[in-house]
Amino acid sequence: MDLLNTLVDKGLRRELPTREEALAVLATSDDDLLDVVAAAGKVRRKWFGRRVKLNYLVNLKSGLCPEDCSYCSQRLGSTAGILKYTWLKPDEASQAAAAGLAGGAKRVCLVASGRGPTDRDVDRVSETIKAIKDGNEGVEVCACLGLLSDGQAERLREAGADAYNHNLNTSESTYGDITTTHTYADRVDTVNKAHAAGLSACSGLIAGMGESDEDLVDVVYALRELDPDSVPVNFLIPFEGTPLAKEWNLTPQRCLRILAMVRFVCPDVEVRIAGGREVHLRTLQPLALHLANSIFLGDYLTSEGQAGKADLEMIADAGFEVEGAGEVTLPEHRANAAGGGCGSHGSAGCGSHESAGCGSHADGGGVCGTAASAPGAAASTSGTAASAPAGEPRTDLVAVRRRGAGTDLAPNA
């Protein structure tokens, strides 16, 4: 297919595809799906080999968010039966992070619900970052706290944070249909603040909220312009008790086409499969590893994910390997631009999702750059749910997180 040959050539050169080419990827048929995956896989292997980076979420403060993001289980007015608790103490957060690190994660994502942090909140998170880094040499820490005020990104950087997540979620033209308590421009401003402070920027999207192909291309092109180092792709999980509870618009094939389009537009950026992969990709998750080079391990913010052991087995069985703590995630040209750190702002970058708060929670239970309760979920049922007709809602795969951070039960990692 001439389209795919052209996109591979452009991806290997880090050249931006045209909007028409990106739209054409989303419009390909299921008969062409394996060809699309194979083509995008060539670009993924060029820049990231067969490595898969593991990330682990710690929900520092759950629920009770004043923002009205329609996808989020933690939103104002949500009746989803999620865990609700105030700030974890630094030692509690460090213990929660230890489970993910023991499972092979190299990055810990610290997420808190809310519009944005107060200065006291930044102090709390700074103490938590120190506690995690003191006990785990070489670990990367990403903060996801919502909209940042002037000077807060710098303070997080000084405290040892490596990255900051705040998702654009959807296109600028449709953003007001999803959230009214803050704007698309607010989100862009926070990503720019993270960049300016020297943090590795992490920003992505949520698919499955009723958006058009044009909306998906718009947000991915906007992300490339922002040039984050990592782009989490969340797939909405319509959580009961949220305004988008009836939005079951995704198939495994559609999810793969979306991931392929993101890889072609953002060839040399860490593309992360975030919340909702278990619910929407289901048995095709291994194919997605040919497109993305990063996933979340274990559970999400307010929803359960696939068992950590199953994640590791899936990676190995698909012929991939877990990225080691000493390996640099990004290609050399991007890593060098960042001074060799965990991120960098190279020439052709791209751009995670949730309530105003984390800026990354897909369904409100999102994950730092991933969708958790909304997206997220699944897994506690991993592989145990009965099959359903194609296109039917898989509510059997959505499970509220009842273990790990904020509970007395062991985490899933």
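Leu64 is placed in the loop between β1 (51-61) and α4 (90-102), where helices (H or I, at least four residues) and strands (E, at least two) are DSSP runs numbered from the N terminus. Although Leu64 is not a glycine, its phi is positive, at about 60°, and with 67% relative accessibility Leu64 counts as exposed (over 50% relative accessible area; buried is under 20% and partly exposed in between, with a 1.4 Å probe and protein chains only). The model is predicted, so that local features need pLDDT of at least 70 and side-chain atom pairs count only at pLDDT 80 or more, while totals for chains, interfaces and linings use all residues. Residues are numbered from 1 along each chain as its sequence is written, and side-chain values use heavy atoms, with hydrogens and water left out.

A positive phi, near 50°, is also found in Arg282, a residue other than glycine, which lies in the loop between α11 (277-280) and α12 (285-288) and is partly exposed at 25%.

The structure holds 28 salt bridges, each defined as a side-chain nitrogen of Lys or Arg within 4 Å of a carboxyl oxygen of Asp or Glu. One of them joins the side chains of Asp30 and Arg257 (2.9 Å, N to O), and this pair links distant parts of the chain, 227 residues apart, with Asp30 in the loop between α2 (19-26) and α3 (33-48) and Arg257 in helix α10 (residues 252-265). Asp30 is partly exposed, with a relative accessible area of 47%, whereas Arg257 is buried at 9%. Lys53, Arg107, Glu140, Glu270 and Arg272 are linked in a network of salt bridges.
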